[in-house]
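Work through the exercises below with the model open. Try each task before reading its solution.

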Amino acid sequence: MAGPAPPPTRPLFVVVGATGDLMRRMLLPALYGLSADDHLPAESAVLGAARTSSFDDASYQAWAAAGLKEFSPYHPDAIDPWCRKVLHYQSIGEGTPADYQNLAARVAKVEADHQLSGDRVLYLALPYEAFAPTIKGLAEAGLNHGPGWTRIVIEKPFGRDLETARDLNALVHTYFDEPSIYRIDHYLGKETVQNLLVLRFANVLFESLWSRDRVTKVEITVAEDLGVEARAAYYDRAGALRDMVQNHLTQLLSLIAMEVPAAFDADAIRNEKVKVLHSIAPVEPEQAVFGQYTAGWIAGAAVPAYRSESGVPAGSTTETFVALRLKIENWRWQGVPFYLRTGKRLGNRVTQVVVNFQRPPVTFFRDLDPDEVHSNELVMTLQPDEGFDLVFEVKAPGQTVATKTERMRFRYAEQFGNLPDAYQTLLLDVVEGDATLFVRADEVEASWRLYAKLLAQPPAPHDYAAGSWGPDAAQGLLHPDEEPWSRP
Ligand SMILES: NC(=O)c1ccc[n+]([C@@H]2O[C@H](COP(=O)([O-])OP(=O)(O)OC[C@H]3O[C@@H](n4cnc5c(N)ncnc54)[C@H](OP(=O)(O)O)[C@@H]3O)[C@@H](O)[C@H]2O)c1
């Protein structure tokens, strides 16, 4: 696929945590895909680093090539030569100052060997606890500044709560200035998430209805049918609130609710997102329902309860489901509830935003029962079947006046084919210095602030059967007159 010319730089990607799942399944395929599409100059190089010393360049290249053959859809024949040409490995052992000095020396050597431009992306693909010591280790070895620009990418979760997020911001600001810090939430790299802005701001049809004058409620769902898989050790300490709500769902919420930015640039957009978060009071326990899955059925197969999953402590009270009712106290949204819901082992894998509009005053149709007329809905599906549906009423043909609910349907894949990969989009943005789709320091703190009370006093989780749509108690968050949660 021919694309635009690569940016005028020959950067080095230094990935710390280069032997992990993220590197194998996401980052390597994204880097390989960017090279294959000529979005990155052929001279770029990748230096992988992790504690293990069981890799050298050759064995790391073989490991990466095996992963790419499994996870990349691009030219399988070109994988081995690309890995041999581009990839290197350096152990950081126990992370002593000497280990980081060795890493810095290796960075300089790889740059010289590949005749790179001195621009560097430092990507921390690490567990949360390793962020602070790694940032310190890199910086104290002088890697926070290089011959060209240096940008640091920090994976989620950025902190475990407001206090730790503040501490991590303070630490990273000791060594890097904010414009060179890229806090990644890969949801923001998805084409359909970015389309939320275009749908809202490039269509007068929607923006003119986008307020408490016409909207009655907004529902945001990020549902997974998978269980905890191989991530029990991490997940049981995190839970759904930290793993999904504080980042992905809160990002979607702020994109849906933000005011029109003054410009389509990083600061203007992020200013508006932060303002929305500051208009929401910290969520009280009575605005939340937590759940944990019990044994059940997914796609016809029996699956175990969360507490019986390998690596989960028997008495765990970690939530695998969260439903919330949020209120945004500003002129646009006052009185409109925003419902957020996420969970593992739910009925379906889907990410969806449903905007409900007011019911029409239909009493002038004498024969029509007002309850038969459904309110309009805009359903934005972000995965897996990306697109949107506009749900509206038509007259059913016949002598009497009866309505029927129909959908106008748009699907990205039908119109445009495959969508760009989120990590490719985001890595290229880092190289181009565009932070629009990354989370700013004040934004990450504002988002943790929303959940401070829930993190301090987590509600006890209700049971729900795997394959269901969460605990019945989640219905209790809705106003009695409202339609139940959608079943996407
Ligand atoms: N996997 C995903 O799909 C995914 C998706 C979105 C975000 N993320 C985020 O990406 C990050 C990495 O996730 P992952 O799934 O790749 O984790 P992982 O499979 O556990 O890999 C972690 C990597 O970090 C290294 N590491 C672990 N502890 C370290 C330490 N104390 N100091 C230095 N290196 C250390 C590991 O190698 P050594 O043990 O040899 O050092 C390994 O290379 C996490 O923050 C996660 O939340 C992952």
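**Exercise 1.** Find the strands that helix H9 lies across, and its angle to E12.

Solution. Start with helix H9 (residues 232-257). H9 lies across strand E7 (215-223), strand E11 (321-327), strand E12 (337-343) and strand E13 (350-357). Contact here is a pair of C-beta atoms, placed from the backbone, within 7 Å. Then take the direction: H9 runs at about 145° to E12. Axes are lines fitted to C-alpha atoms, for helices over the stretch in contact, and angles run from 0 to 180 degrees between N-to-C directions. Helices (H or I, at least four residues) and strands (E, at least two) are DSSP runs, numbered from the N terminus.

The model is predicted: local features need pLDDT of at least 70, side-chain atom pairs count only at pLDDT 80 or more, and totals for chains, interfaces and linings use all residues. Residues are numbered from 1 along each chain as its sequence is written.

**Exercise 2.** Trace the open sheet of 9 strands and find its edges.

Solution. The order is E16-E15-E14-E13-E7-E12-E11-E8-E17, with mixed pairing. Two strands pair if DSSP finds at least two bridges between them. Strand E16 (403-411) and strand E17 (462-465) are at the edges; each has a single partner strand, so one side of each lacks a neighbour in the sheet. Neighbouring strands are turned by 20° against each other on average, direction ignored. Now zoom in on one pair. Strand E14 (residues 377-383) and strand E15 (residues 387-395) are antiparallel over 5 bridges. Met380 has Phe388 in E15 as its bridge partner.

**Exercise 3.** How do the axes of H1 and H2 cross?

Solution. The axes of H1 (residues 21-36) and helix H2 (residues 57-71) come within 9 Å and cross at roughly 85°. That makes H1 roughly perpendicular to H2 (65 to 115 degrees). Next, list the contact. Arg24, Arg25, Leu28, Pro29 and Tyr32 in H1 meet Ala64, Gly67, Leu68 and Phe71 in H2.

**Exercise 4.** Which residues are closest to the ligand?

Solution. The shell counts residues whose C-beta atom, placed from the backbone, lies within 6 Å. It holds 21 residues; the closest are Gly17, Gly20, Leu22, Arg51 and Ala130. H1 gives the largest share, 4 residues.

Technical notes:
Parallel < 35°, antiparallel > 145°, perpendicular 65-115°, else oblique. Contact = placed C-beta atoms within 7 Å.
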